[in-house]
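Colleague: Let's go through this one by question and answer. Please show it first.

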Amino acid sequence: MRNFTLIAALCVGLWAIAYRLPLPALPDTLREPRERAAYAALHFCDALDHEPADSLTAEVWHQSVADLLSFFPHIANDSICAMAAERLVDAGRRNDAWAADISSALESCLFDGASPQRDEKLFALFLKLMADAAYPDAERCRWLLSMVEKNMPGSPAPDFAFTDRSGAARTLHASLGRPTVLFFYDPECDDCHHAAAQMASDIILQSRLGRGAAQIIAITTADIDSWRKSAGQFPDAWTDGHNDGSIDDDDLFLIPSYPTFYLLDSDGTIVLKDAPYSRIISVLTAM
């Protein structure tokens with residue numbers, strides 16, 4: 001009996017983890033992948049009419065939102081994407097707990113740097129809808145929207161001044177002229193040290209640096225004494241600079257945590273924003 005009870009408990013736990021809103025049944029007349037994706041996205045919330053409210057926990061919403069978002073890349077029509085987004089946000093109006101869970105799930109899926117579904121353009125659409133729908137966290141939605149819209153790929157990187165290890169005063173814009181990996185770090189950040197070690201041992205990156213096809217500009221706004229004590233932590237080929245805090249004070253870049261990477265082209269246009277290093281090196285290699 002004891003073993004049976006344990007197995008039953010495990011089964012219940014696995015069901016809770018695996019449960020998500022059921023996908024809508026697709027009409028047999030829909031053959032094209034784009035049509036099927038559009039129908040599934042537009043009718044995804046239909047299942048809510050048949051679900052007990054208390055069955056939709058935060059975990060269930062997270063998985064269900066991830067399922068819904070998986071259809072969006074296959075929908076060619078922006079207006080259909082907008083309609084599907086509106087229907088999800090409208091579902092949150094029924095219940096404040098649902099609204100909070102939907103908002104959290106969208107942020108995790110579309111804004112977290114480690115998420116494979118990250119899409120700031122789509123996240124901005126949802127943020128506008130949630131703010132307009134007066135979600136309980138509408139103020140946070142508006143703040144996140146201002147962060148998302150900052151430093152969008154295709155926009156020029158804002159200029160800033162910094163001091164390099166030789167003591168020279170420099171600016172970002174004057175230091176460009178080739179593809180640039182902008183590496184925001186903190187001297188006492190272990191994750192930054194690990195990222196720097198990975199970059200220093202990356203054969204592809206080092207090859208590009210060696211022939212002048214790319215550069216790394218590492219910038220910190222930490223206490224200048226901490227920066228001075230950390231001298232020598234990066235290869236000599238890198239530019240290691242200290243900013244006096246104007247980057248933070250003027251809110252020039254979105255830097256959610258350290259390390260944060262940006263990729264700029266030779267003219268200083270942002271190619272990638274707050275992207276994982278693996279993505280940075282993949283795109284840089286193709287430039």
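Colleague: What pLDDT does the protein average?
Modeller: This is a predicted model. Of the residues, 93% score at least 70. The average pLDDT is 91.

Colleague: What is the strand order of the open sheet?
Modeller: The sheet has seven strands, and the pairing is mixed. From one strand to the next, the twist averages 30°. The order is β2-β1-β5-β4-β3-β6-β7.

Colleague: Which strands stand at the edges of that sheet?
Modeller: An edge strand here has a single partner, so one side of it is left without a neighbour in the sheet. That holds for β2 (169-171) and β7.

Colleague: How many bridges join β3 to β6?
Modeller: Strand β3 covers residues 180-184, and β3 and β6 run antiparallel. Within this pair, valine 181 stands opposite leucine 263 of β6. The number of bridges joining β3 to β6 is five.

Colleague: At what angle to β3 does helix α8 run?
Modeller: Helix α8 spans residues 190-200. It lies across β3, β4 (215-220) and β6. Its angle to β3 is about 155°.

Colleague: Which peptide bond is cis?
Modeller: Most peptide bonds are trans. Here is a cis one, with omega near -5°. Its proline is found in the loop between α11 (246-249) and β6 (260-264). The bond runs from tyrosine 258 to proline 259.

Colleague: What is phi of aspartate 251?
Modeller: Most residues other than glycine have a negative phi. Aspartate 251 has a positive value. Its place is in the loop between α11 and β6.

Colleague: Is aspartate 251 buried, partly exposed or exposed?
Modeller: Buried needs under 20% relative accessible area, and exposed needs over 50%. Aspartate 251 has 35%, so it is partly exposed.

Colleague: Where does aspartate 274 lie?
Modeller: Aspartate 274 is a residue other than glycine with a positive phi, near 45°. It lies in the loop between β7 (270-273) and α12 (277-286).

Colleague: Is aspartate 274 buried or exposed?
Modeller: The cut-off for buried is under 20% relative accessible area. Aspartate 274 has 13%, so it is buried.

Notes:
Residues numbered from 1 in each chain as written. Predicted model: local features only at pLDDT ≥ 70, side-chain atom pairs only at ≥ 80, totals over all residues. Heavy atoms only, no water. pLDDT = per-residue confidence, 0-100. Helix = DSSP H or I, 4+ residues; strand = E, 2+ residues; numbered from the N terminus. Buried < 20%, exposed > 50% of the residue type's maximum accessible area, 1.4 Å probe, protein only. Pairing = 2+ DSSP bridges. Axes fitted to C-alpha atoms, helices over the stretch in contact; angles between N-to-C directions. Contact = heavy atoms within 4.5 Å.
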